[in-house]
Amino acid sequence: MKITRVTAHLLSAKLQEPFAYSRAWYDTRTAMLVEIETDEGHTGWGECYGPARMTQAVVKEIATSLIGCDPLRTEFLWQEIYARYRDHGQKGLLIQGLSGIDIALWDIRGKHFNAPAYQLLGGALRDDVQAYATGLYRRKGGDPLQYLAEEAAGYVEEGFRAMKLKVGFGVAEDVAVTRAVRQAIGPDVALMIDANHAYDAVSAIKLGRLVEDLDISWFEEPVPPEDLAGYKAVKAALTIPIAGGECEFTRQGFREVLTQRAMDILQPDICSAGGLSECKKIADMVMAFGVRTNPHVWGTGIGIAASLQWMATVPSHSPVSLSPTEPLLEFDRTEHPIRQAILTSPIVHRQGRVSIPTGPGLGIDINRDALQDFKIA
(Lines give C-alpha, C1' and ligand atoms only; values in the text may rest on other atoms or scores of the structure.)
Protein backbone atom coordinates (compact mmCIF):
# COMPACT_ATOMS: atom_id res chain seq x y z
CA MET A 1 0.00 0.00 0.00
CA LYS A 2 1.26 3.47 -0.92
CA ILE A 3 0.28 7.03 -0.06
CA THR A 4 -1.04 8.77 -3.17
CA ARG A 5 -2.28 12.11 -1.88
CA VAL A 6 -2.15 14.35 1.20
CA THR A 7 -4.69 17.18 1.55
CA ALA A 8 -4.71 19.90 4.20
CA HIS A 9 -8.29 21.13 4.70
CA LEU A 10 -8.55 24.63 6.17
CA LEU A 11 -11.97 25.34 7.70
CA SER A 12 -13.52 28.36 9.40
CA ALA A 13 -16.84 29.38 10.96
CA LYS A 14 -18.04 32.63 12.54
CA LEU A 15 -19.52 32.45 16.03
CA GLN A 16 -22.89 33.81 17.03
CA GLU A 17 -21.42 35.25 20.23
CA PRO A 18 -17.74 35.97 20.90
CA PHE A 19 -16.15 34.54 24.03
CA ALA A 20 -12.84 35.06 25.80
CA TYR A 21 -10.24 33.31 27.89
CA SER A 22 -7.41 35.12 29.63
CA ARG A 23 -5.32 35.62 26.49
CA ALA A 24 -7.75 36.56 23.71
CA TRP A 25 -11.26 36.89 22.35
CA TYR A 26 -12.70 34.38 19.88
CA ASP A 27 -15.26 35.39 17.24
CA THR A 28 -14.30 32.60 14.81
CA ARG A 29 -13.44 28.92 15.16
CA THR A 30 -11.03 27.33 12.71
CA ALA A 31 -9.81 23.81 12.02
CA MET A 32 -6.99 22.24 10.03
CA LEU A 33 -7.72 18.67 9.00
CA VAL A 34 -5.36 16.24 7.30
CA GLU A 35 -6.62 13.75 4.72
CA ILE A 36 -4.26 11.00 3.49
CA GLU A 37 -5.32 8.78 0.58
CA THR A 38 -3.82 5.46 -0.51
CA ASP A 39 -3.73 3.34 -3.65
CA GLU A 40 -5.82 0.66 -1.90
CA GLY A 41 -8.74 2.99 -1.31
CA HIS A 42 -8.15 3.64 2.40
CA THR A 43 -8.41 7.27 3.55
CA GLY A 44 -7.13 8.48 6.91
CA TRP A 45 -8.07 11.62 8.79
CA GLY A 46 -6.10 13.67 11.29
CA GLU A 47 -6.23 17.09 12.91
CA CYS A 48 -3.64 19.68 13.85
CA TYR A 49 -3.98 21.86 16.93
CA GLY A 50 -2.59 25.35 16.52
CA PRO A 51 -2.85 28.31 14.12
CA ALA A 52 -4.72 26.75 11.21
CA ARG A 53 -3.04 28.53 8.30
CA MET A 54 0.42 27.92 9.75
CA THR A 55 -0.14 24.22 10.40
CA GLN A 56 -1.59 23.92 6.90
CA ALA A 57 1.70 25.24 5.48
CA VAL A 58 3.66 22.73 7.56
CA VAL A 59 1.55 19.78 6.38
CA LYS A 60 1.86 20.89 2.75
CA GLU A 61 5.64 21.00 3.17
CA ILE A 62 5.83 17.54 4.73
CA ALA A 63 3.32 16.06 2.26
CA THR A 64 5.76 16.03 -0.65
CA SER A 65 7.96 13.50 1.15
CA LEU A 66 5.06 11.18 1.98
CA ILE A 67 3.88 10.38 -1.54
CA GLY A 68 4.76 6.80 -2.40
CA CYS A 69 5.48 5.80 1.20
CA ASP A 70 3.88 2.85 2.99
CA PRO A 71 1.34 4.38 5.44
CA LEU A 72 1.60 1.37 7.76
CA ARG A 73 5.17 2.35 8.67
CA THR A 74 3.90 4.87 11.18
CA GLU A 75 6.92 4.72 13.47
CA PHE A 76 9.41 4.98 10.62
CA LEU A 77 7.58 7.93 9.05
CA TRP A 78 7.33 9.76 12.39
CA GLN A 79 11.05 9.38 13.06
CA GLU A 80 11.97 10.23 9.46
CA ILE A 81 9.93 13.45 9.42
CA TYR A 82 11.12 14.52 12.86
CA ALA A 83 14.76 13.93 11.97
CA ARG A 84 14.46 15.74 8.63
CA TYR A 85 13.12 18.91 10.24
CA ARG A 86 14.83 18.67 13.63
CA ASP A 87 17.01 21.71 12.96
CA HIS A 88 13.91 23.85 12.47
CA GLY A 89 11.45 22.72 15.09
CA GLN A 90 11.60 20.20 17.92
CA LYS A 91 8.53 21.96 19.29
CA GLY A 92 5.65 24.06 18.03
CA LEU A 93 4.25 24.17 14.51
CA LEU A 94 6.37 21.39 13.05
CA ILE A 95 5.22 18.91 15.69
CA GLN A 96 1.63 20.09 15.40
CA GLY A 97 1.72 19.37 11.67
CA LEU A 98 3.36 16.01 12.28
CA SER A 99 0.64 15.21 14.84
CA GLY A 100 -2.16 15.55 12.29
CA ILE A 101 -0.28 13.39 9.80
CA ASP A 102 0.42 10.70 12.40
CA ILE A 103 -3.24 10.56 13.47
CA ALA A 104 -4.31 10.12 9.84
CA LEU A 105 -1.78 7.30 9.40
CA TRP A 106 -3.21 5.49 12.43
CA ASP A 107 -6.69 5.92 10.96
CA ILE A 108 -5.45 4.21 7.77
CA ARG A 109 -3.76 1.46 9.78
CA GLY A 110 -6.99 0.70 11.61
CA LYS A 111 -9.00 0.62 8.39
CA HIS A 112 -6.44 -1.66 6.74
CA PHE A 113 -6.58 -4.17 9.60
CA ASN A 114 -10.31 -3.55 10.26
CA ALA A 115 -9.66 -2.68 13.89
CA PRO A 116 -9.96 0.42 16.07
CA ALA A 117 -6.69 2.27 16.60
CA TYR A 118 -6.74 1.41 20.30
CA GLN A 119 -6.65 -2.30 19.46
CA LEU A 120 -3.47 -1.79 17.47
CA LEU A 121 -2.00 0.38 20.24
CA GLY A 122 -2.30 -2.49 22.71
CA GLY A 123 -5.99 -2.94 23.40
CA ALA A 124 -8.65 -1.10 25.37
CA LEU A 125 -8.62 -0.79 29.15
CA ARG A 126 -12.12 0.75 29.16
CA ASP A 127 -15.19 1.17 26.97
CA ASP A 128 -16.06 4.73 27.94
CA VAL A 129 -14.64 7.65 29.89
CA GLN A 130 -15.88 10.35 32.20
CA ALA A 131 -15.94 13.74 30.52
CA TYR A 132 -15.62 17.15 32.10
CA ALA A 133 -17.28 20.19 30.59
CA THR A 134 -14.93 22.87 29.35
CA GLY A 135 -16.77 26.16 29.10
CA LEU A 136 -17.36 29.03 31.51
CA TYR A 137 -15.62 31.60 29.31
CA ARG A 138 -16.22 35.36 29.49
CA ARG A 139 -18.84 37.10 27.35
CA LYS A 140 -19.09 40.63 26.02
CA GLY A 141 -21.98 41.65 28.22
CA GLY A 142 -23.64 40.68 31.50
CA ASP A 143 -22.38 39.91 34.98
CA PRO A 144 -19.95 36.96 35.00
CA LEU A 145 -20.96 36.15 38.58
CA GLN A 146 -24.45 35.47 37.26
CA TYR A 147 -24.00 34.01 33.78
CA LEU A 148 -21.09 31.74 34.78
CA ALA A 149 -23.05 30.36 37.73
CA GLU A 150 -26.06 29.72 35.48
CA GLU A 151 -23.92 28.04 32.82
CA ALA A 152 -22.25 25.84 35.43
CA ALA A 153 -25.59 24.78 36.88
CA GLY A 154 -26.67 23.85 33.35
CA TYR A 155 -23.74 21.46 32.98
CA VAL A 156 -24.80 19.72 36.19
CA GLU A 157 -28.31 19.35 34.82
CA GLU A 158 -26.82 17.73 31.69
CA GLY A 159 -25.18 15.11 33.87
CA PHE A 160 -21.59 16.37 34.07
CA ARG A 161 -19.86 15.59 37.36
CA ALA A 162 -16.86 17.80 36.59
CA MET A 163 -16.20 21.09 34.81
CA LYS A 164 -13.45 23.62 34.19
CA LEU A 165 -13.64 27.38 34.76
CA LYS A 166 -11.49 29.89 32.91
CA VAL A 167 -9.59 32.25 35.20
CA GLY A 168 -6.74 34.70 34.64
CA PHE A 169 -8.79 37.91 34.68
CA GLY A 170 -7.29 39.31 37.87
CA VAL A 171 -7.03 37.60 41.23
CA ALA A 172 -9.99 39.36 42.86
CA GLU A 173 -12.37 38.63 39.96
CA ASP A 174 -11.14 35.05 39.68
CA VAL A 175 -11.82 34.41 43.34
CA ALA A 176 -15.31 35.88 43.11
CA VAL A 177 -16.36 33.85 40.05
CA THR A 178 -14.81 30.65 41.39
CA ARG A 179 -16.84 31.01 44.57
CA ALA A 180 -19.99 31.77 42.57
CA VAL A 181 -19.54 28.68 40.41
CA ARG A 182 -18.79 26.43 43.37
CA GLN A 183 -21.93 27.65 45.11
CA ALA A 184 -23.98 27.01 41.96
CA ILE A 185 -22.79 23.42 41.43
CA GLY A 186 -22.57 22.30 45.05
CA PRO A 187 -19.80 20.40 46.84
CA ASP A 188 -20.07 17.07 44.99
CA VAL A 189 -19.18 18.20 41.45
CA ALA A 190 -15.49 18.48 40.60
CA LEU A 191 -14.31 22.00 39.71
CA MET A 192 -11.05 22.83 37.95
CA ILE A 193 -9.63 26.26 37.11
CA ASP A 194 -7.50 27.18 34.07
CA ALA A 195 -5.51 30.43 33.83
CA ASN A 196 -4.01 29.73 30.37
CA HIS A 197 -0.67 30.93 31.77
CA ALA A 198 -1.98 34.42 32.58
CA TYR A 199 -0.02 34.81 35.84
CA ASP A 200 3.46 34.74 37.24
CA ALA A 201 4.17 32.49 40.23
CA VAL A 202 3.46 35.21 42.80
CA SER A 203 -0.04 35.96 41.52
CA ALA A 204 -0.82 32.30 40.84
CA ILE A 205 0.07 31.37 44.42
CA LYS A 206 -2.06 34.21 45.75
CA LEU A 207 -5.05 33.05 43.70
CA GLY A 208 -4.54 29.43 44.64
CA ARG A 209 -4.43 30.16 48.36
CA LEU A 210 -7.64 32.19 48.16
CA VAL A 211 -9.58 29.33 46.50
CA GLU A 212 -7.97 26.33 48.19
CA ASP A 213 -10.99 25.94 50.49
CA LEU A 214 -13.25 25.40 47.44
CA ASP A 215 -11.92 21.89 46.74
CA ILE A 216 -10.35 22.69 43.36
CA SER A 217 -9.45 19.47 41.52
CA TRP A 218 -6.60 21.09 39.62
CA PHE A 219 -5.13 24.50 38.75
CA GLU A 220 -4.24 24.40 35.05
CA GLU A 221 -1.48 26.45 33.42
CA PRO A 222 -1.00 28.88 36.31
CA VAL A 223 2.20 30.27 34.71
CA PRO A 224 3.79 30.28 31.22
CA PRO A 225 4.69 26.80 29.91
CA GLU A 226 8.41 27.51 29.66
CA ASP A 227 8.59 28.62 33.32
CA LEU A 228 9.09 25.25 34.97
CA ALA A 229 10.66 26.97 37.98
CA GLY A 230 7.42 28.92 38.36
CA TYR A 231 5.41 25.71 38.12
CA LYS A 232 7.52 24.17 40.85
CA ALA A 233 7.05 27.21 43.08
CA VAL A 234 3.28 27.15 42.65
CA LYS A 235 3.17 23.38 43.17
CA ALA A 236 5.19 23.66 46.38
CA ALA A 237 3.03 26.47 47.76
CA LEU A 238 -0.42 24.98 47.19
CA THR A 239 -2.38 21.86 48.11
CA ILE A 240 -4.28 22.13 44.80
CA PRO A 241 -2.86 19.74 42.15
CA ILE A 242 -1.07 21.60 39.35
CA ALA A 243 -1.78 20.68 35.72
CA GLY A 244 -0.29 21.66 32.36
CA GLY A 245 1.31 20.41 29.21
CA GLU A 246 -0.98 21.43 26.35
CA CYS A 247 1.87 23.65 25.12
CA GLU A 248 4.51 20.92 25.45
CA PHE A 249 5.74 18.66 22.66
CA THR A 250 7.11 15.12 22.26
CA ARG A 251 8.53 12.85 24.92
CA GLN A 252 11.64 15.04 25.11
CA GLY A 253 9.59 18.02 26.24
CA PHE A 254 7.59 16.02 28.75
CA ARG A 255 10.76 14.41 30.05
CA GLU A 256 11.86 17.79 31.36
CA VAL A 257 8.52 18.36 33.08
CA LEU A 258 8.68 14.93 34.71
CA THR A 259 12.31 14.95 35.82
CA GLN A 260 11.81 18.36 37.43
CA ARG A 261 8.58 17.21 39.12
CA ALA A 262 6.97 20.42 37.90
CA MET A 263 3.35 19.21 37.54
CA ASP A 264 0.94 16.79 39.19
CA ILE A 265 -1.19 16.20 36.07
CA LEU A 266 0.11 16.24 32.50
CA GLN A 267 -2.15 17.18 29.60
CA PRO A 268 -0.65 16.31 26.19
CA ASP A 269 -2.74 17.29 23.19
CA ILE A 270 -2.85 14.38 20.74
CA CYS A 271 -3.21 16.86 17.83
CA SER A 272 -0.18 18.84 18.98
CA ALA A 273 2.29 16.83 21.07
CA GLY A 274 3.15 14.31 18.35
CA GLY A 275 0.03 12.35 17.47
CA LEU A 276 -0.99 8.91 18.68
CA SER A 277 2.49 7.44 18.14
CA GLU A 278 4.19 9.93 20.44
CA CYS A 279 1.40 10.33 22.98
CA LYS A 280 1.39 6.58 23.63
CA LYS A 281 5.07 6.90 24.57
CA ILE A 282 4.36 10.00 26.66
CA ALA A 283 1.61 8.21 28.59
CA ASP A 284 3.90 5.27 29.34
CA MET A 285 6.63 7.62 30.53
CA VAL A 286 4.22 9.62 32.67
CA MET A 287 2.99 6.41 34.30
CA ALA A 288 6.58 5.45 35.15
CA PHE A 289 6.90 8.71 37.11
CA GLY A 290 3.66 8.12 39.03
CA VAL A 291 2.01 11.21 37.55
CA ARG A 292 -1.56 11.49 36.26
CA THR A 293 -2.38 12.32 32.65
CA ASN A 294 -5.45 13.57 30.80
CA PRO A 295 -5.64 14.79 27.20
CA HIS A 296 -6.06 18.43 26.31
CA VAL A 297 -8.82 18.48 23.66
CA TRP A 298 -9.75 21.62 21.74
CA GLY A 299 -10.88 20.94 18.22
CA THR A 300 -13.24 18.96 16.02
CA GLY A 301 -14.65 15.48 16.22
CA ILE A 302 -11.46 14.13 14.65
CA GLY A 303 -9.39 15.37 17.57
CA ILE A 304 -11.97 14.07 20.03
CA ALA A 305 -11.98 10.63 18.38
CA ALA A 306 -8.17 10.46 18.38
CA SER A 307 -8.09 11.44 22.06
CA LEU A 308 -10.62 8.72 22.88
CA GLN A 309 -8.55 6.09 21.05
CA TRP A 310 -5.56 7.16 23.15
CA MET A 311 -7.56 7.24 26.38
CA ALA A 312 -8.69 3.67 25.82
CA THR A 313 -5.06 2.59 26.33
CA VAL A 314 -3.95 4.89 29.19
CA PRO A 315 -3.58 2.90 32.42
CA SER A 316 -5.54 3.88 35.51
CA HIS A 317 -3.64 4.90 38.59
CA SER A 318 -3.87 2.24 41.29
CA PRO A 319 -5.70 -0.04 38.82
CA VAL A 320 -6.31 -2.88 41.29
CA SER A 321 -7.80 -0.62 43.95
CA LEU A 322 -11.54 -0.33 44.50
CA SER A 323 -11.54 3.22 43.12
CA PRO A 324 -8.89 3.59 40.40
CA THR A 325 -8.20 7.07 39.03
CA GLU A 326 -8.97 6.99 35.32
CA PRO A 327 -8.14 9.68 32.74
CA LEU A 328 -10.76 12.38 32.14
CA LEU A 329 -11.85 13.60 28.71
CA GLU A 330 -11.97 17.34 28.11
CA PHE A 331 -15.34 17.95 26.43
CA ASP A 332 -15.53 21.43 24.93
CA ARG A 333 -18.99 22.97 25.36
CA THR A 334 -18.29 26.32 23.71
CA GLU A 335 -19.76 27.18 20.33
CA HIS A 336 -17.90 25.42 17.50
CA PRO A 337 -20.01 24.99 14.32
CA ILE A 338 -17.40 22.73 12.71
CA ARG A 339 -16.83 20.37 15.64
CA GLN A 340 -19.58 17.80 15.16
CA ALA A 341 -20.81 18.86 11.72
CA ILE A 342 -17.86 17.18 9.98
CA LEU A 343 -18.85 13.79 11.44
CA THR A 344 -21.63 11.68 10.02
CA SER A 345 -22.35 10.52 13.60
CA PRO A 346 -21.51 13.14 16.26
CA ILE A 347 -19.60 12.15 19.40
CA VAL A 348 -21.92 12.93 22.30
CA HIS A 349 -21.92 12.55 26.05
CA ARG A 350 -24.56 10.71 28.04
CA GLN A 351 -24.81 11.90 31.60
CA GLY A 352 -21.23 13.12 31.41
CA ARG A 353 -19.75 9.93 29.93
CA VAL A 354 -18.49 9.38 26.37
CA SER A 355 -18.19 6.02 24.64
CA ILE A 356 -14.95 5.18 22.85
CA PRO A 357 -15.60 4.61 19.10
CA THR A 358 -15.16 0.96 18.14
CA GLY A 359 -15.10 1.25 14.35
CA PRO A 360 -11.92 0.82 12.28
CA GLY A 361 -9.20 3.43 12.79
CA LEU A 362 -10.51 6.44 14.65
CA GLY A 363 -14.01 4.96 14.46
CA ILE A 364 -15.55 7.93 12.67
CA ASP A 365 -16.77 8.85 9.19
CA ILE A 366 -16.43 12.31 7.65
CA ASN A 367 -19.28 14.39 6.25
CA ARG A 368 -17.72 15.81 3.10
CA ASP A 369 -20.58 18.21 2.54
CA ALA A 370 -19.61 19.93 5.80
CA LEU A 371 -16.02 20.22 4.60
CA GLN A 372 -17.27 22.22 1.66
CA ASP A 373 -19.57 24.34 3.83
CA PHE A 374 -16.71 25.50 6.07
CA LYS A 375 -13.85 25.46 3.58
CA ILE A 376 -11.73 28.58 3.27
CA ALA A 377 -11.04 29.42 -0.35
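With which residue does Lys281 form a salt bridge, and how far apart are the closest N and O atoms? In this predicted model, the partner of Lys281 is Glu75, and the closest N and O atoms of the pair are 2.9 Å apart. The two residues belong to distant parts of the chain: Lys281 sits in helix 10 (residues 275-288), Glu75 sits in helix 2 (residues 74-84), and 206 residues separate them. Side chains of opposite charge can pair when their charged atoms come close. The structure as a whole holds 24 salt bridges.

Three strands form an open sheet in the order 1-2-3, and their pairing is antiparallel. Strand 1 (3-20) and strand 3 stand at the edges with a single partner strand each, so one side of each has no neighbour in the sheet. On average, neighbouring strands of this sheet are turned by 20° against each other, direction ignored. Strands of a sheet pair through backbone hydrogen bonds, either parallel or antiparallel. Between strand 2 (residues 25-38) and strand 3, which run antiparallel, there are six bridges. Within this pairing, Ile36 has Gly44 of strand 3 as its bridge partner. Helix 3 (residues 93-113) packs on the sheet and touches strand 1, strand 2 and strand 3. The direction of helix 3 makes about 155° with that of strand 3.

The largest pocket holds about 510 Å³ of space. Its lining is made up of 32 residues, and those nearest the pocket centre are Tyr21, Tyr26, Tyr49, Gly50 and Trp298. Strand 2, strand 3 and strand 5 (162-166) are the elements that give two or more residues to this lining. Strand 2 provides the largest share, with seven residues. Sorted by class, the lining of the largest pocket contains 13 nonpolar, nine polar and 10 charged residues.

The second largest pocket has a volume of about 370 Å³. It is lined by 19 residues, with Trp218, Arg292, Thr325, Glu326 and Leu328 closest to its centre. At least two lining residues come from each of strand 6 (190-194), strand 7 (216-220) and strand 10 (292-293). The lining of the second largest pocket divides by class into 10 nonpolar, six polar and three charged residues.

Across the whole structure, the search finds two cavities of 30 Å³ or more. The largest cavity has a volume of about 60 Å³. Residues lining the largest cavity include Glu47, Cys48, Tyr49, Asp269, Cys271 and His296, and Trp298 is also part of this lining. Strand 3 (43-48) and helix 11 (301-311) each contribute at least two residues to the lining of the largest cavity. That lining comprises five nonpolar, four polar and two charged residues.

The second largest cavity has a volume of about 40 Å³. Its lining consists of Glu221, Pro225, Tyr231, Gly244, Gly245, Glu246, Cys247, Glu248, Val257 and Met263. By class, these residues are five nonpolar, two polar and three charged.

Technical notes:
Residues numbered from 1 in each chain as written. Predicted model: local features only at pLDDT ≥ 70, side-chain atom pairs only at ≥ 80, totals over all residues. Heavy atoms only, no water. 1 Å grid on protein atoms, 1.4 Å probe; cavity = no way out; pocket = protein on both sides within 12 Å on 5 of 7 lines; lining within 4 Å. Points joined across faces, edges and corners; volume = space filled by probe spheres on them. Helix = DSSP H or I, 4+ residues; strand = E, 2+ residues; numbered from the N terminus. Nonpolar A, V, L, I, M, F, W, Y, C, P; charged D, E, K, R; others polar. Pairing = 2+ DSSP bridges. Axes fitted to C-alpha atoms, helices over the stretch in contact; angles between N-to-C directions. Contact = heavy atoms within 4.5 Å. Salt bridge = Lys/Arg side-chain N within 4 Å of Asp/Glu carboxyl O.
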